[in-house]
Amino acid sequence: MCRWAAYLGQPIYMDELVTQPGHSLMHQSREATECKTALNGDGVGLAWYGDRAEPGLYRDVYPAWSDTNLAGLCRTVRSGCFLAHVRASTGAATSRNNCHPFAYGRWSFMHNGQIGGFDTFRRRADMGVSDALYPHRKGATDSELLFLYALETGLDEDPIGAMVAAHRTLWDMSIAQGTTPHLRSSAAWSDGERLYALRLSSDHIAPSVYYRWNAEAGGWAIVSEPPELGQSGWTELRPGQVAAFDGADMWIAEVEAEAA
């Protein structure tokens, strides 16, 4: 399983969430506390928004704790919206193309979890991507495919509905040809103006997601694990929920916890 953190609000240096806190995302790459494996050393990535509509993207195969470029970027880049991810592979190779976040146009996306038995129906799943989008299938992960399916389904028009539909499509494929657990997912995605997060599972185990409004910074942090152990003010997103963040506002919708 992976760990991730996202931010939306007044611009801050990315190191305030990614590298500085006592249980920062970088710390979680070595000592995660709320996932099956404490070590998340199969790559690292950032997507951040600035003056242009499309996000900047940095991804590499180094573990976060040994990536000096990551530390330098986070220390010097300020952004009002960014996604950060440390990867623990569930089977796909350790390569830059398999590192999160993924980006297309103004959208960025990252994921933690698994689609049960994905390797057994990967070819069939890949065939569900249109010729127009398939050139953007650079890696081999189920995560990248979730993102492409959401784009196909209409992420621009319905960011929540398209992402839920993408999950349900691959969930159905896992039921038909894969293995249990058919779906475990926490995901975050953004167009640079709004930020979304989802927590969904086909069984009783769903990857953790927390969110918190920081009035002093004027922004939302959405994380796999709070960046300071024992810090108050964090709310857990419940399994079967999706959250949308827009300025100082946020709202939650319930997602039916079943395949289509």
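This is a predicted model: local features need pLDDT of at least 70, side-chain atom pairs count only at pLDDT 80 or more; totals for chains, interfaces and linings use all residues.
One of the bridges links Gln241 to Glu254 in strand 13. The two strands form a hairpin, with two residues between them. Gly247 lies in the turn and has a positive phi of about 60 degrees.

Strand 12 also pairs with strand 8, which spans residues 195-201. This pairing is antiparallel as well and runs over five bridges. Here Arg199 has Gln241 of strand 12 as its bridge partner.

Burial of strand 12 was examined next. The strand comprises residues 241-246, and five of its six residues are buried. Buried here means under 20% relative accessible area. Strand 12 is therefore largely enclosed by the rest of the structure.

Rolling a probe the size of a water molecule over the atoms shows where empty space is left. The structure holds one cavity of 30 Å³ or more. The largest cavity contains about 30 Å³ of space. Its lining includes Ala5, Leu17, His23, Ser24, Leu25 and Gln28. Val223, Glu225 and Pro227 also line the largest cavity. By class, five lining residues are nonpolar, three are polar and one is charged.

Technical notes: Residues are numbered from 1 along each chain as its sequence is written. Side-chain values use heavy atoms; hydrogens and water are left out. Buried means under 20% relative accessible area, exposed over 50%, partly exposed in between (1.4 Å probe, protein chains only). Helices (H or I, at least four residues) and strands (E, at least two) are DSSP runs, numbered from the N terminus. Two strands pair if DSSP finds at least two bridges between them. On a 1 Å grid over the protein atoms alone, a cavity is a set of points where a 1.4 Å probe fits but cannot get out, and a pocket is an open set with protein on both sides within 12 Å along at least five of seven lines; lining residues have an atom within 4 Å of a point. Grid points are joined across faces, edges and corners, and a volume is the space filled by probe spheres set on the points. Ala, Val, Leu, Ile, Met, Phe, Trp, Tyr, Cys and Pro count as nonpolar, Asp, Glu, Lys and Arg as charged, and the others, Gly among them, as polar.
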